[in-house]
Structures are given as C-alpha cells and as structure tokens.
Amino acid sequence: MTSKEKIAVLREEMQKNKVDAFIVYSADPHMSEYLPAEWQERAWLSGFLGSAGFVVVTRDKAGLWTDGRYYTQAAQELEGSGIDLFKDGLEDTPHYIDWIISEIPADGKVAVNALATAHANWELLTGKLNGKGITLADAPLLKEIWKERGTPSKNPVFVHPVERAGKSVADKIAAIRQKMETQEATVHIISSLDDVAWTLNLRGSDVESNPVFLGYIVITKNETLLFTDLEKLEVESRKEMEDAWVKMKPYEEFFNCLKGFSNEKVLVSPNSNQAIFETLKEDNQFIKAAVPGNLMKAQKNETELEGFRTVMVRDGVAMVKFLYWLIHNAGKESMTEYSIGEKLKGFRAEGENFVGESFGSIVGYKDNGAIMHYSAKSEGSNEVTNDSSILVDSGGQYLEGTTDITRTLALGAVSDEFRMNSTLVLQGLIRLSMVKFPRGTRGVQLDAIARLPLWMHGKDYNHGTGHGVGSFMNVHEGPQNIRKDMNPQELLPGMVCSNEPGFYVEGQYGIRHENLIAVKEAEQTDFGTFYEFETLTFCPFFKDTIVKEILSEQEIEWLNSYHKTCEEKLAPYLEGEVKDWFLELVSPL
C-alpha cells in the first residue's frame with residue numbers, strides 16, 4: 001500500500017472506534033530515538049524516514065511535524081502522501097495539539113497507542129484536550145492495519161566487561177539505590193534501552209547501529225529484576241546477572257509485575273510509556289523524575305574516556321585512508337553516495353574490535369549535503385564525481401567506544417562563497433573547542449559561541465551544536481546537549497558531546513564540521529571552578545576550503561596544534577602515498 005492508501009485504511013479504523021484524530025509518535029515502548037524495525041510505525045504510515053517527527057491523522061486531513069534537520073527531506077518523502085508538512089520551530093507553525101483542537105468537533109475523541117506514547121505527552125494532551133471537552137483514549141489502531149510489521153530480533157545479549165565499563169553492575173545498582181533512598185522511592189523502573197544496557201553492563205543489537213536490547217529493569221529495596229527475552233542471554237550474560245544478584249524474567253511478564261505493586265513510591269521517568277502509568281495501581285505514589293543512572297551514564301569514568309581515546313586513533317586512521325581514497329578516485333571510478341558510505345564502513349571494519357556503524361552514514365554530494373540527515377539509498381543514489389563539495393557524517397561502534405565525525409571537503413572547484421562559509425563553520429568549531437567556562441554552565445550558554453561567526457554574517461543553522469555520545473552505546477545520549485533550547489542540565493566532567501556547527505544552502509550545498517569533545521576540569525580560580533573541553537577526535541580539516549585571513553592568530557594556532565596532534569596520533573599507522581598525503585594535509589596553515 002502507498003501512504004495515501006494506508007491512511008485511508010486507518011481512517012476506516014478511526015471511524016469504527018469513533019476516533020476523530022489519531023497520533024502516531026516516532027516511538028517504541030522504551031521511547032527510543034532509533035527504533036526496532038517492528039516499531040517504525042510513523043515511517044511505515046507516512047514514508048518519512050527521519051529519526052524525529054510524528055503524524056496526526058484526522059477524518060479529512062493529515063500532518064507531519066518535524067524539526068529543522070528534516071525540512072527538506074520530509075518535503076521530498078511526503079510527496080504524494082496527502083500528509084502536510086508542519087515545520088516545527090518556525091513561528092507560523094501551529095502546535096500540533098492546537099491544530100487538532102481546531103480540526104475536530106468540540107466533543108471529539110483523540111487516540112494514541114499508550115505503549116508508544118510518553119507519559120509527558122499524555123499529560124500534555126490530557127491537559128489541553130480536556131479543557132476543550134475533548135477526550136483522550138488508548139487505542140492502538142495500527143495494530144489492526146500493519147500486519148507485516150515483523151517480530152523482535154533474536155540477536156544475542158552479551159557482556160560489556162568491567163574492564164571496558166569501568167564500574168561493576170553491583171556498584172551501579174548500589175549507587176542507584178542510594179539515589180532512590182534520597183528521593184524516598186521504594187520501587188524504581190528503568191525503561192529506556194540505553195539505561196537498561198548501561199546499568200547491567202550488557203549490550204545487544206535489537207536496534208540498528210545501537211548496541212542495546214529490548215528490556216526493562218525494576219529495582220526495589222531488596223531485589224533487581226531484568227525483563228527481557230531470556231533466550232537471547234548468553235551464558236556469560238546470565239552469569240554476570242547472577243553474580244550481581246539480578247533476577248532474570250521473560251520480557252512479557254513486565255506489566256504483570258507492575259500489577260503486583262501496591263502502596264509503593266515509584267520512581268519513574270516522565271518519558272516512560274503511558275502504559276506503565278496505566279498499569280500501576282492508583283494507590284501507588286509516583287515520583288516523576290529523571291532516571292538516576294542517566295546522569296551517571298553521561299559522566300564517563302576514566303576507563304570509558306580512555307576507551308574513547310583509543311578508538312579515536314583507530315577511527316582516525318580509517319577516516320584518513322578513506323578520505324585519501326575518496327579524493328584520489330572521485331571522477332576516476334564509478335561511485336555513488338551509497339557506495340561511498342559502504343566503502344567507509346569497509347575501512348572502519350579493518351580496525352580492531354569494530355562492531356558496526358554508530359548510525360547510517362550521511363553522504364551528501366552537492367545539493368544533497370544541504371539535507372542535514374540525508375540517507376542515500378542503495379538504488380538510485382547520486383553518482384559522485386570530482387566536482388563540487390561532499391559532506392560525510394559517519395561513526396563507528398567499537399567495543400571500547402563510539403565515534404561520530406563529520407568532514408566536508410571539495411572534490412573539485414568550489415565557490416569563494418563556499419570557502420568563506422566553510423571557514424565560518426570551522427571557526428565556530430574552533431571557538432567552542434577553545435572555550436573555558438565556570439561550573440554550572442549549561443549547553444545553551446555555549447551554543448552561541450559556535451554560532452557567532454555565522455551570526456555576524458546574518459547566517460545560522462537549524463540543528464543543535466552538540467549532543468551527548470555514549471560509550472559503546474547510542475550515538476545520541478542525554479541528558480546534556482549544546483543547542484538553542486533551554487536545557488537545565490549543566491555540563492559536568494566526563495560528559496562527551498559532539499561539536500558540530502553547520503551551514504546549508506538548499507539546492508546547492510551543505511557544510512558541517514564535527515569533532516567529539518569531553519568536559520574536563522581546567523583550573524580553580526578566585527572565581528570558582530572552570531571547565532574546558534578535551535578534543536577526542538583525530539582527523540585533519542582541509543586547508544583548501546579555509547580562508548586564512550578571517551581566522552584569528554589564536555584560531556590558527558589551535559588548528560595547527562590540532563593538526564600536530566593528529567600527526568602524532570595517526571602517522572605511525574599510515575604508510576606510503578597515504579602517509580605522504582596526510583603529512584602535507586596536517587602541515588601548518
């Protein structure tokens with residue numbers, strides 16, 4: 001069926017259930033950003049494949065809301081679907097709940113699948129809709145329509161050893177229990193997949209590019225329960241759980257377990273699925289707060305940071321070999337955006353302990369570079385020659401850590417305007433890399449530093465400057481970020497973030513430069529504790545797209561010093577023509 005046909009069938013189900021508007025969030029029962037194949041409901045219904053966005057269907061209209069990363073992509077993928085694009089974040093874009101209220105009867109009914117709806121969204125909907133006399137109901141209508149959605153994977157769950165995790169399962173659970181005690185919680189529910197995997201030092205592959213597995217954790221004062229597909233637990237995984245006194249239960253028993261709680265103080269994230277809240281008895285008291293382990297996970301210990309440093313050398317060598325191949329073969333041999341991504345994966349696979357990509361490579365040639373999260377298809381992706389520019393955003397999952405890097409380079413002649421904009425973006429990355437900031441600083445306060453060179457020319461970009469990155473874990477991780485939105489989470493030592501300003505001209509080109517950076521203590525002064533960033537990524541930038549004249553002496557010094565570090569780290573693993581080319585690339589500006 002086409003998207004238009006699927007929506008027509010959905011409207012029939014809505015009619016049967018007397019539903020006036022149905023919301024399809026991009027979510028699974030664990031509120032994951034990247035979803036298991038069987039939970040990609042919004043993508044199946046709409047044809048839009050981006051990682052963020054949701055669809056609202058009424059009796060006669062349909063709309064998709066997504067953010068600035070996906071405006072161009074969504075417009076292309078929604079063509080002919082009958083779904084209107086609403087550009088979230090723009091002043092004239094209505095809030096989706098307000099739009100629903102304006103489109104359905106005053107006594108209407110809105111439905112969602114509670115299992116794939118965050119409690120926070122349910123509460124927001126309830127508050128706004130009830131005020132207008134509109135009811136909200138749990139009705140998983142797509143369950144009746146999407147018959148061929150598939151089943152959860154049977155991929156094994158394996159141990160992430162303490163030698164790489166840096167902290168034992170028992171120590172992590174003890175630390176979480178201390179936080180529970182502080183918050184007077186008697187029961188704690190962990191539902192997000194990366195928090196489950198981190199807490200138990202386990203990894204899996206139930207979600208593409210994310211080393212996680214489907215599971216829930218319930219922690220009480222006296223026991224810890226893991227709910228997952230027991231057949232997937234390897235022998236070592238079972239022993240790891242037994243040694244930490246973790247009881248293993250079938251995934252399907254999770255909600256039955258919740259029904260057994262009474263008069264408990266339950267610590268649960270407001271981002272957990274609404275079905276959890278519906279299942280727990282009304283006589284339980286909810287403590288709606290962030291999962292304590294989430295912040296613990298974000299602050300990498302020294303073992304995890306050393307893992308990042310190790311894999312950054314390995315990843316940098318792969319990137320240099322790839323970039324040499326790309327520059328010297330574009331225009332000489334047949335290649336497409338898709339095949340380039342596969343070639344890069346091959347270079348990474350030559351490295352020790354490579355598990356897979358940390359996300360699908362974004363390879364945007366010419367105007368496709370302006371599609372921020374562009375995904376080239378295996379069939380029909382653009383041919384790449386030695387002309388114009390190309391943006392390559394990619395990353396790897398290694399047993400010791402996770403990488404995420406973007407380089408934008410010229411494969412042929414580029415305009416002076418491109419070179420100027422590329423330099424402004426690089427200038428933003430350098431300034432953020434050099435900054436010192438006092439304890440208590442939030443990401444939103446640093447975001448402007450990376451944007452300032454572009455702002456001074458009346459330019460900007462529609463995505464965040466930085467996101468958290470996991471340790472052999474999800475490439476997007478919270479609670480910290482560096483972006484315009486107000487996030488109360490302060491930046492703390494051990495947090496790893498991306499540093500990725502960009503600039504995009506729709507229909508022409510896109511530019512993004514990205515390194516990973518880690519927060520560390522810089523100094524104590526009379527004004528308090530100051531932090532700075534350690535740059536973790538090792539891969540040179542391209543001098544032929546830099547306008548040296550607009551860089552300050554301090555910025556040039558930073559770039560030359562960075563390139564010197566890249567030489568020290570990577571040159572020992574390079575040889576022949578690749579090494580000669582690399583040494584010229586990292587020579588002083």
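Predicted model: local features only at pLDDT ≥ 70, side-chain atom pairs only at ≥ 80, totals over all residues.
Me: Let's start with strand 10. Is it buried or exposed, and how do I judge that?

Reply: Begin with the cut-off: a residue counts as buried under 20% relative accessible area. In strand 10 (residues 215–220), six of the six residues are buried, so the rest of the structure largely encloses this strand.

Me: Which residues lie on each side of strand 10?

Reply: On one side you find Gly 215, Ile 217 and Ile 219, and on the other Tyr 216, Val 218 and Thr 220. Both faces are covered, as these residues are all buried.

Me: Which strands pair with strand 10, and in what sense?

Reply: Pairing is read from bridges between strands, and two or more are needed. Strand 8 pairs with strand 10 in the antiparallel sense, over four bridges. Strand 11 (residues 224–228) is also an antiparallel partner of strand 10, here over five bridges. With three residues between them, strands 10 and 11 form a hairpin.

Me: Where do Glu 184 and Lys 366 lie?

Reply: Glu 184 is in the loop between helix 8 (169–182) and strand 8 (187–190). Its relative accessibility is 54%, so Glu 184 counts as exposed. Lys 366 belongs to the loop between strand 16 (362–365) and strand 17 (389–394). With a relative accessible area of 30%, Lys 366 is partly exposed.

Me: And which peptide bond is cis?

Reply: Look at the bond from Gly 478 to Pro 479, which is cis with omega near 10°. Pro 479 sits in strand 23 (residues 477–482).

Me: Last, the surface. Which residues form a nonpolar patch there?

Reply: Leu 452, Trp 455 and Met 456 do, and together they have about 320 Å² of accessible area. Leu 452 is part of helix 17 (residues 443–455). Because its relative accessibility is 35%, Leu 452 counts as partly exposed.

Terms used:
Residues numbered from 1 in each chain as written. Heavy atoms only, no water. Patch = residues over 30% accessible without salt bridge, like charges linked within 9 Å, V, L, I, M, F, W, Y side chains within 5 Å. Areas by Shrake-Rupley, 256 points an atom, 1.4 Å probe, with all protein chains shown as cover. Salt bridge = Lys/Arg side-chain N within 4 Å of Asp/Glu carboxyl O. Helix = DSSP H or I, 4+ residues; strand = E, 2+ residues; numbered from the N terminus. Buried < 20%, exposed > 50% of the residue type's maximum accessible area, 1.4 Å probe, protein only.
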